[in-house]
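The following exercises concern side-chain contacts. Please work through each task before reading its solution.

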Amino acid sequence: MISSNDFRPGVSIVLDGSVWRVVEFLHVKPGKGSAFVRTKLKNVQNGSVVEKTFRAGETVPQATLEKITMQHTYKEGDDFVFMDMETYEEGRLSVAQIGDRVKYLKEGMDVEVIKWGEQVLEVQLPNSVVLEITETDPGVKGDTATGGTKPAILETGAQVMVPLFISQGERIKIDTREDKYLGRE
């Protein structure tokens, strides 16, 4: 159990049978009446956001989440097979469990799997990955870094916008959180 006075951004709680993460909180002490805590909560399973008010000192169950480092070994059908790096046990995750960042997932990549009991809540990829460009328009002499951008398809099938001077076969660094080109590798 955790008191509403101890809420901080990132704290996970259980409400109505699902896990919610505190995004924002504000402790309010009005001149008249009792204090309360106004929060913005994000559902970890489906991403919905709600605002909820708790009385000061009210206790709610805290979600005990387990973070496991796993390595993507191969893809079988629609499932991705991961190996726990501590116990060497294999586990399978679907595209729905991994989310939209599956487009950057490459064999041999280490990821953080967040579990609540036996249920997988989210899969966190590294903040940046290095991937090879398999298809893009050729770079032309005179193209500058401050010019425009062009689409490029990466080895995992993801599409990102890159500067005009980047050509096919180059390895580039991508920010997986914002789908942005960071630089050459």
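**Exercise 1.** Is D175 buried or exposed?

*Solution.* The model is predicted, so local features need pLDDT of at least 70 and side-chain atom pairs pLDDT 80 or more, while totals for chains, interfaces and linings use all residues. Numbering starts from 1 along each chain as its sequence is written, and side-chain values use heavy atoms, without hydrogens and water. Buried means under 20% relative accessible area, exposed over 50% and partly exposed in between (1.4 Å probe, protein chains only). D175 has a relative accessible area of 7% and is therefore buried. Its salt-bridge partner is R177, at 3.3 Å from N to O; R177, at 51%, is exposed.

**Exercise 2.** Classify the geometry of the aromatic pair F7 and F54.

*Solution.* Rings of Phe, Tyr and Trp (its six-membered ring) pair if their centres lie within 6.5 Å; planes under 30 degrees apart are stacked, over 60 edge-to-face and the rest tilted. The F7 and F54 centres are 5.3 Å apart, with 85 degrees between the planes, giving an edge-to-face pair. F7 is buried at 0% relative accessibility, and F54 is buried at 3%.

Note on methods: A salt bridge is a side-chain nitrogen of Lys or Arg within 4 Å of a carboxyl oxygen of Asp or Glu.
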